[in-house]
Amino acid sequence: MSTTLSPTALYYAADEINKCRVHVYQDLASLPEHVEAVLKATAEGLPASREITDVTSGETIRMTIDPPDCIIVGIASDNESVDINDFPELRNRGLIVSNDASQEQTERILDRQADEMSGLYERQLTDEQLEWIQEYIGSIPVSRYAREDSLGSIENIPGGRPLREQDPVPTHFTEARDDYKRLNKFIESVCLFHYQDRMEIIHDGAPTLLVTPIDVWYGMKVFGEQMIMSALNLREIDLVILELLREEATAMTVSKIQAEVRQRGQGYNITDRDVHSSLKSMKTKAYVDVNQADNPQTWYATGFASVVDHPAGIDYTKLVDRTEEIAHEVLEPEIAEEYIERYCRGEGLIATDPITGEQVNITEDTSFQEALDEAEEEIEDVLNTPLWGTDESADESEGNEDEEVEIPVGDFGTVEGSEAGQGTLM
């Protein structure tokens, strides 16, 4: 999607745009008013229309850009012209993914570039494998199951009540109301991707594809960790800055935060704009607040993080057992038995790890749990850091019982002493 076309030229291209089911706004450096209108409307699932003059007949016609199946928007973290917080249509309905900004990742990228320049890089797939993948993807019956005007549908037994009872999506922000649907849409896409190995039934007179527990496992494996971080509205750099602010006994300026992050040796060579963007984003979500009376302004962590908790993973044995119970309730007896035998027992629980290629039984696999635990520990280290000082400083405050220490915590009132602000992420 071009952001440089004039309003008229953009709508002249409507027919071509509507042929594409994915709209990509690459590296959004600016957002002209007419492009913003299209983006907001289609993000809401609504068409965007405009009257233009037909160059052939000279008549005025109305051209419409229809909402696609997916919108991808790239925005640089230091972009001062476009703030994702100004577009709730995108932020509340989208998965926010931040790039790995570490020095280690930069080194890996440079190594790959060097190998390609020297002719040392070898593609992992053969031309034949690539051709087979393209043919298979082209054969996926999206129009049969996944469009509003589709003849058929997808029924998501394991992703419904069984997954909800596992409570994988943090619910501290209202975006969670859409996050759970979004997660299950992805799980249904996984099912559709494996349509040749899935079970189709006739439900209410229409073909219906049945989601399996393995589809849930794949969805959480590929999508889950990013979903959790997106639901918490935190990026990698946000965690680094939040940890620093929780460790400090005093509020900090942007310049001080930038210098401290650089000195920590974690490979983040961030600019003051990066810091300010992160702080501004976290302030709208109540993780941090600012002393506006200071010159320059200073920032501090609030008590909000103390109430954040979320489950770390999925017990797939419980999910499979619950799926079997519900299958008996909602499917015809013979269909339920076939579904359970094919997808809830034995070989039906064997999946191929999309990262390592290894065969795993999803009820025995703990790698995703471990990955989530690692991500959780990283956040927990941040949120368990005593607010506004170390344990030693808290001990010193406790040593003077006659002295009351008050620290501002924005909308959460006043916390007496540093221990009141401690919290865990479970």
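**Notebook: a look through a predicted chain**

Contact here means heavy atoms within 4.5 Å. I then noted residues 389–426, where the pLDDT is below 50 and the model has 62 contacts beyond near neighbours in sequence. Where pLDDT is low, the predicted coordinates should not be read in detail.

Ground rules for myself. This is a predicted model, so local features need pLDDT of at least 70 and side-chain atom pairs count only at pLDDT 80 or more, while totals for chains, interfaces and linings use all residues. Residues are numbered from 1 along each chain as its sequence is written, and side-chain values use heavy atoms, with hydrogens and water left out.

**Whole chain**

I looked up the confidence next: the mean pLDDT of the chain is 79, and 76% of the residues score at least 70.

Of the 426 residues, 41% count as buried (buried is under 20% relative accessible area, exposed over 50%, partly exposed in between, with a 1.4 Å probe and protein chains only). I also checked contacts between residues at least 6 apart in sequence: 69% of them join residues at least 24 apart.

**Asp-238 and Ser-278**

What joins the side chains of Asp-238 and Ser-278? I found a polar contact of 2.5 Å (a pair of N or O atoms within 3.5 Å; within protein, one must be able to donate a hydrogen and the other to accept it, and residues adjacent in sequence count only if both atoms are side-chain atoms). Asp-238 sits in helix α11 (residues 236–247), and Ser-278 in helix α13 (residues 272–284). Asp-238 counts as buried because its relative accessibility is 1%; Ser-278, at 0%, counts as buried. Leaving aside neighbours within four places in sequence, Ser-278 is in contact with Arg-235, Ile-237, Asp-238 and Ile-241.

**Second largest pocket**

I put its volume at about 280 Å³. A pocket is an open set of points on a 1 Å grid over the protein atoms alone, where a 1.4 Å probe fits, with protein on both sides within 12 Å along at least five of seven lines; lining residues have an atom within 4 Å of a point. Its lining is Trp-132, Ile-133, Tyr-136, Ile-137, Phe-193, His-194, Gln-196 and Asp-197. Helix α6 (residues 127–139) gives the largest share, four residues.

Most residues other than glycine have a negative phi, and most peptide bonds are trans. I noted Asp-204, not a glycine, with a positive phi of about 55 degrees. Asp-204 lies in the loop between β6 (200–203) and β7 (206–210) and is exposed, with a relative accessible area of 72%. The peptide bond from Asn-295 to Pro-296 is cis, with omega near 0 degrees; Pro-296 is in the loop between β8 (288–291) and β9 (298–301).

Methods: Points joined across faces, edges and corners; volume = space filled by probe spheres on them. Helix = DSSP H or I, 4+ residues; strand = E, 2+ residues; numbered from the N terminus. pLDDT = per-residue confidence, 0-100.
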